[in-house]
Amino acid sequence: MSVTQAQSTQTQPTQAQVCEQVAIIDQTLHYLQQIVIAIFLSYFTVTIQREQLICTICPEKCCDCLPDIFPIKIISSLLTLTALVFFYQLAVNSCCQPATDCAQQQSKQIGYLASALVLIAAVIRFFELIAAHQQ
């Protein structure tokens with residue numbers, strides 16, 4: 001049996017399955033955009049912190065004009081958290097799907113564990129950010 005024949009005998013995805021997969025990819029792209037925006041916001045806060053540092057030795061600069069970085073950091077953190085929750089849910093859903101072999105099952109479990117750890121770290125970081133601001 002040739003490769004072409006083997007491919008043609010495999011079941012083709014239904015239109016509904018393809019639409020579902022495209023929807024998941026679209027959601028993934030949306031959450032990846034959120035992460036990119038969060039990175040740009042973090043970059044912006046670092047530039048503000050740089051200016052604040054310069055203000056410690058150059059008081060003639062417009063140091064009072066610099067914005068408070070806490071709200072920017074909160075927005076960045078929330079964008080990241082929502083994206084990580086989505087990716088965690090993808091990992092959970094993947095673990096619920098049957099695996100073709102042991103290696104695939106192990107890969108799904110590792111992906112789930114990694115997603116859970118990253119999400120936990122982001123939640124800890126979020127609450128640490130809030131706690132540090134309240135002091």
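1. A nonpolar core is taken here as a set of buried Ala, Val, Leu, Ile, Met, Phe, Trp, Tyr and Cys residues joined through side-chain atoms within 4.5 Å, where buried means under 20% relative accessible area. The model is a predicted one, and its largest nonpolar core has eight residues in all, namely Phe70, Ile74, Leu81, Leu84, Leu119, Ala122, Phe126 and Leu129. At least two residues of this core come from helix 3 and at least two from helix 4, which spans 102-134.

2. Once residues up to four places away in sequence are set aside, Ala122 touches Leu81 and Leu84, which are themselves listed in the core. Phe126 and Leu129, also core members, are touched by Ser77 when residues up to four places away in sequence are not counted.

3. Ser77 deserves a separate remark, since this serine, placed in helix 3, is buried at a relative accessible area of 13%.

4. How do helix 3 and helix 4 pack against each other? Their axes come within 9 Å and cross at roughly 160°, which makes helix 3 roughly antiparallel to helix 4, the cut-off for that description being an angle over 145 degrees. The crossing in which helix 3 passes helix 4 is left-handed, and the residues of their contact divide into 20 nonpolar, seven polar and three charged.

5. Helix 2, residues 15-55, packs with helix 3, residues 70-96, at an angle of about 155°, and the two axes lie 8 Å apart. Helix 2 and helix 3 are therefore roughly antiparallel to each other, and helix 2 passes helix 3 in a left-handed crossing. In the contact of helix 2 with helix 3, the residues by class are 16 nonpolar, nine polar and one charged.

6. Which residues does Ile72 contact, leaving aside its neighbours within four places in sequence? This isoleucine, found in helix 3 and buried with a relative accessible area of 14%, is in contact with Leu41, Phe44, Thr45 and Ile48.

7. Thr45 can be described from the side of helix 2, in which it is found. Its relative accessibility is 5%, so Thr45 counts as buried. Apart from residues up to four places away in sequence, which are not counted, Thr45 touches Ile69, Ile72 and Lys73.

8. Is Val118 buried, partly exposed or exposed? This valine has its place in helix 4 and, with a relative accessible area of 43%, is partly exposed, a value that falls between the limits of 20% and 50%. Val118 and Val85 are 33 residues apart in sequence, while their C-alpha atoms are 9.7 Å apart in space.

Note on methods:
Residues numbered from 1 in each chain as written. Predicted model: local features only at pLDDT ≥ 70, side-chain atom pairs only at ≥ 80, totals over all residues. Heavy atoms only, no water. Axes fitted to C-alpha atoms, helices over the stretch in contact; angles between N-to-C directions. Helix = DSSP H or I, 4+ residues; strand = E, 2+ residues; numbered from the N terminus. Parallel < 35°, antiparallel > 145°, perpendicular 65-115°, else oblique. Left-handed = near helix turned anticlockwise from the far one by under 90°. Nonpolar A, V, L, I, M, F, W, Y, C, P; charged D, E, K, R; others polar. Buried < 20%, exposed > 50% of the residue type's maximum accessible area, 1.4 Å probe, protein only. Contact = heavy atoms within 4.5 Å.
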